[in-house]
Amino acid sequence: MTVKGRVIVIELSVHDAADVLALELWDTAGAPAVAQALGFALPPAGRSAGDDQRRAMRFEPTVWLVEGAAIDRAALDAAVADHGAVTPIGGGLVRVRLVGAAWRGLLMHDGVFDAENPAFAPGCTAATVIAHVAVRLNVVAPDRCDALVPASLADGLIARWREVAARVDTPA
Amino acid sequence: MSGAALTFTFDGKTYAARPGQTLAAALLDNGVAVVARSFKYHRPRGVMAAGVEEPSALVTVGEGGRAEPNTRATDVFVYQGLVARSQNVWPSLAFDVGAINGLASRLIPAGFYYKTFFGPPRRWMVYERFIRKAAGLGPAPADADPDSFDHRAAFCDVLVVGAGPAGLAAALAATQAGQRVMLVEQDSVPGGALLREDVRIDGVGGPEWAAQAVAQIRAGGGRVLLRATATGYWDGNLVSVVQRLAEPGQVPAAAAPVQRLWKVRCGKVLLATGAIERPLAFGGNDRPGVMLAQAVRAYVRRHGVVPGRRAVVATSNDDGYRTAFALADAGAQVVAVLDSRAAPDSAIVDQARGRFAVLTDARPIDTRARGQRLATVIAQVGGGEQRLAADLLAMSGGFTPVAHLHKQAGGDLAWDAAAQAFVPGTARQAQASIGAAAGGHDLAAILAQGWAAGSGGAPRGFAVDDPLGMGTPAGAAEVPQAARGKAFVDFQNDVTLSDIDLAWREGYRSVEHLKRYTTLGMGTDQGKTGNMAALARLAQAQGVDIPQAGLTTFRPPYTPTTLGAFAGAAVGEHAGPVRRLRLHQAHDDLGAAWQPVGYWFRPRSYPRAGESLGAASLREARMVRQSLGMVDVSTLATFEVSGPDAAALLEMACATTIGRLGVGRGRYTVMLREDGLVMDDGTAWRLAEQRYLLTSSTGGADRMAQHLSWLRNVMAPHLKVSVVNVQEHLGAVALAGPQAARVLAGLTGAEAPAHMRCTRAVLAGVDVLILAASYSGERAFEVYAPGHQLRAVWNALHGAAVAAGGGAYGLDAMDHLRVEKGHVVIGAEVDGRVSAHDIGLGGMLRKSGGFVGWQGQQRLAIATASGRRQLVGLTVIGGQALPEGAMLVTQEGQEPLGHVTTAAPRVAGEGWIGLALLSDGRARDGQELLAWSATRNLRVPVRVCDPVFYDREGARYRD
């Protein structure tokens, strides 16, 4: 939605996230083969790599979330081999795309994470809690942030975000 | 009134106000002297202060659900249509019957309330009725609050609390140093003390300089919040700030919240919270017309209101003289300045002597009123007395730095003997106090101090032009040894000097006891104006200095905070996040009656028209026994565990053997805590050579996720294993009943797996995982599919089930079925106090150990069966329903032997059955007991039996 003429101007759209996989590596020996399968090196903690067609995001020490239509699951499984495991998790996620300069302000509501920090820039990821919901954030562009939200809690959180986004806010 | 643009009502009468005026200023402007009645004696009270410290002028603002009681008239800005009412009065503010309490004050001294507790309880029941009516503040609104409240986080390098001169200089310096800055100010405009002083900074007037500073801070990227009060300072440099987006009682902008709670995490906190002026203690110091001197100055200079035409200024310090000049400049007659000092010597005193009558060694000792307003000040001057006709007495008894946040942050206080005040001492967090909050009094020095604090030490001078000069540091007035009449110390709670003396005589030595005995320092102002005088009196009685008398605790919130601000969006029936099933709409379409289960909402049953919930659930349960039923079990905890060490990890988590499971097989399992008691239960399935699925209870899902994470990352980081929580990813539908295998086979085109086997299949075009496990006691299957594809699976199953004479069933039916089968549920039978042996699962435990809880369950207290509560079945003797939670006793009034954990009507039969945890239960087979609920006045005779009521051999679910 777009609310113009107000402090918060943001477009919020909801997308399927069925393609999301959890990739865990318990040793680093598998990383080069995985990088070859993905087409880019696995990102360090708190970062993402790739693009909308093929992306990896790291939120935990040994786990990456891999997504995108161009991901070759069989090639990925083969690359991981005995170094780790790949598990589909996308059936339980909803992807919410926040577009607009005010996405940072929106994420500060009911949250505990410093989304307003300029260092949280494109290529950065964060796992946090917003309105009691565990949310994974990925800054895709200066005016776009994607949020992966547990499906069972998505309705409530998205409704809350729409409510906050639509509000006449006081200038900070 | 010139410039008036707003109208408001007070006690039903309409008045005019100017924009920017507080309600207190507007009432004074309209000549309203009496604003409230006091808490205990119902004495007429006017406005005493000009800020949040106001103890007396409490009113109710707003109507209906927006009504806000106990609002300080000094802390609400007038808006068009504001409705304010006096409170704690009957029949009217002008004539209040409750004022009789003042005449009977000898009968109701300090602590009388506690003395009413003595004697027979019935006497207190009588007293209470009168006390509650006679004393009190405004009633809470009965209607629901129609507005919303917001929570927001913020992070900054520097948080500055207070936009007075020190805070503004600090925030400006920090902004220019490139810091992320946040400045919060409880007032509606910045400036603090500058709003009441006739000074110029760097060539511009104080208010203008303040406005320019805010503009520069904002231009530099700083965030400035007005009407925002820092209410609490917590560990980790977390400061809570409540921002008013609408005034009390005001309708907020469309869809906007009325208040916002900011949770601010800061690198550094600069506390520029100012100081609060102290009143003087003398007889009749609470009359309307007796005000704090700085407040008078604020009304004159900021709000354009002169609160009296003939004024006496009583002061212990130079600052009080400023008020005399302000009043005189505004056209009021300054009758005299009473200076308690014997020989004050400063430039401002010299200037005053040329303009007013300055009486030294002089102090007010009593007052007289005309009607309800001050008319005469009786002053002690040297050894004599003078009567001064005056309708305004501006008093200044020194200053108390606002150190609340500093103390909340764990900081120490130091004693400033000259000012007779506590000032911030050692700080425990990254905080510093500046300006008047740190005891400062010279404007140029305060500005320089603020700048240095904000810039990290860089110096900067400010050109301050103050026609009255700097003055000497403020000294505090001495508390008189004796006072005529009622000399109030705590104006809000009607606590006088003599009340403190009485408490002392009655043995209350600690300041904490004094507080509770007299109610000193309680209420909405928390003693902001009165505590120091009370401490001084206590110190006098003890014969010690004030610091030795002790201090009460500075608890948050600093000012009263609306409960809605704490709740934020978490309001309404559920007051929390709601977890919706992927199949929510499908259940809704079938007419589900919803049941909140933790955060989840699950179908309780699907009642037909005119059917009760009980009848519906029993019908559904019998449908499962007779043909086929399906239930949404997507809330079950599910974990995919994969890797070469997957079995090793599962054998740590589960107390049964997992490692020997063949691919395609599953097993019921139980998980223990480290203390050996049961934590959860579930099933483990070997999906592939190195991949397992572990399920556990819905209620314990988060706990199990945490437990597995701890095992994986702390206890066994060396294992090559991946544990992924797939509770959200996988949805599941359980299909149960004699027709289940046939219906499933028809949909998948393949034979259904045997009991405790699993297989993959395609159902309705979706790849599904089928687990053959029974909770109901019938042949049953759990069909798992990714959540986004589950609806298609449900639709296909439901269509086939209905065709087979079955349908959906809900939680209640599922519970009836499992009780009849004797299956435990986490939270009921497994209540955190039972061992696997207690619930009949001891034989399943892996003899070789190696699982969490293995050592713990060998403890004598657990391993010894005697005296432990054990799982049993109960059959009701007679036709009554069995009350869940009822105590099990041999006869009414006896010590309980156990309790009913779950009750259910018989599905395959008539009457009621239940499960229970009963001391030495298995040895009581056949014993008759009473299920007794004293609170519900229920008594149901029961017979103890085996917990499995149905198909003990398991023939129904085996192939």
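Two residues are in contact if their C-beta atoms, placed from the backbone, lie within 7 Å. By that rule, seven residues of domain 1 of chain A are in contact with six residues of domain 2 of chain A. The model is a predicted one.

**Domains of chain A**

- Chain A is divided into domain 1, made of 11-16 and 92-166, and domain 2, which covers 21-88.
- The centres of domain 1 and domain 2 of chain A, taken over C-alpha atoms, are separated by 23 Å.
- On the side of domain 1 of chain A that touches domain 2 of chain A, the elements giving two or more residues are β8 (125-130) and β9 (133-141) of chain A.
- β8(A) gives the largest share of that side of domain 1, three residues.
- Sorted by class, that side of domain 1 of chain A has three nonpolar, three polar and one charged residues.

**Contact between chains A and B**

- In the contact between the chains, 38 residues of chain A meet 35 residues of chain B.
- Two or more residues on the side of chain A that touches chain B come from each of β2 (21-25), β6 (84-88) and α4 (151-166) of chain A.
- The largest share of that side, seven residues, belongs to α4(A).
- The side of chain A that touches chain B holds 17 nonpolar, twelve polar and nine charged residues.

**An open sheet in chain B**

- Strands of a sheet pair through backbone hydrogen bonds, either parallel or antiparallel.
- In chain B, five strands form an open sheet with mixed pairing, in the order β2-β1-β7-β5-β6.
- Its edge strands are β2 (13-17) and β6 (68-72) of chain B, and each of these pairs on one side only.
- From one strand to the next, the twist averages 35 degrees.
- Strand β5 (residues 58-61) of chain B is joined to β6(B) by three bridges, and the two strands run antiparallel.
- Within this pair, Val61(B) stands opposite Glu68(B) of β6(B).

**A hairpin in chain B**

- Strand β32 (residues 593-597) of chain B runs antiparallel to β33(B), with five bridges joining them.
- Gln595(B) has Arg602(B) in β33(B) as its bridge partner.
- Two residues lie between the strands of this hairpin, where Gly598(B) takes a positive phi near 65 degrees.
- Strand β33 (residues 600-605) of chain B is mostly covered, since five of its six residues are buried.

**Two packed helices in chain B**

- Helix α5 (residues 165-176) and helix α11 (residues 443-455) of chain B pack at an angle of about 35 degrees, and their axes are 7 Å apart.
- The crossing of α5(B) and α11(B) is right-handed.
- Residues of α5(B) in this contact include Ala170(B) and Leu172(B), while those of α11(B) include Ile446(B) and Trp451(B).
- The residues of the contact of α5(B) with α11(B) comprise 13 nonpolar, five polar and no charged.

**Backbone exceptions in chain B**

- Most residues other than glycine have a negative phi, and most peptide bonds are trans.
- The peptide bond from Trp90(B) to Pro91(B) is cis, with omega near 5 degrees, and Pro91(B) is in the loop between β7 (82-85) and α2 (100-103) of chain B.
- Pro556(B) and Pro557(B) are also joined by a cis peptide bond, with omega of about 0 degrees; Pro557(B) sits in the loop between α15 (546-549) and α16 (563-567) of chain B.
- Asp494(B), which is not a glycine, has a positive phi of about 55 degrees and is found in the loop between β30 (488-490) and β31 (495-496) of chain B.
- Asp494(B) counts as buried because 26 other C-beta atoms lie within 10 Å, where the cut-off is 20 or more.
- Asn937(B) has a positive phi near 55 degrees and lies in the loop between β49 (928-933) and β50 (938-945) of chain B.
- Asn937(B) counts as exposed because it has 7 C-beta neighbours inside 10 Å, where the cut-off is 12 or fewer.

**A loop proline in chain B**

- Pro896(B) lies in the loop between β46 (887-889) and β47 (898-905) of chain B.
- Pro896(B) is partly exposed, with 14 other C-beta atoms within 10 Å.
- Apart from its neighbours within four places in sequence, Pro896(B) is in contact with Met887(B), Leu888(B) and Val889(B).
- The C-alpha atoms of Pro896(B) and Leu930(B) are separated by 9.7 Å, and the two residues are 34 residues apart along the chain.

Key:
Residues are numbered from 1 along each chain as its sequence is written. Chains are lettered from A and ligands numbered from 1 in the order in which they are written. This is a predicted model: local features need pLDDT of at least 70, side-chain atom pairs count only at pLDDT 80 or more; totals for chains, interfaces and linings use all residues. Two strands pair if DSSP finds at least two bridges between them. Helices (H or I, at least four residues) and strands (E, at least two) are DSSP runs, numbered from the N terminus. Axes are lines fitted to C-alpha atoms, for helices over the stretch in contact, and angles run from 0 to 180 degrees between N-to-C directions. A crossing is left-handed if the near helix is turned anticlockwise from the far one by less than a right angle, and right-handed if clockwise. Ala, Val, Leu, Ile, Met, Phe, Trp, Tyr, Cys and Pro count as nonpolar, Asp, Glu, Lys and Arg as charged, and the others, Gly among them, as polar. Domain bounds come from an automatic or database domain assignment.
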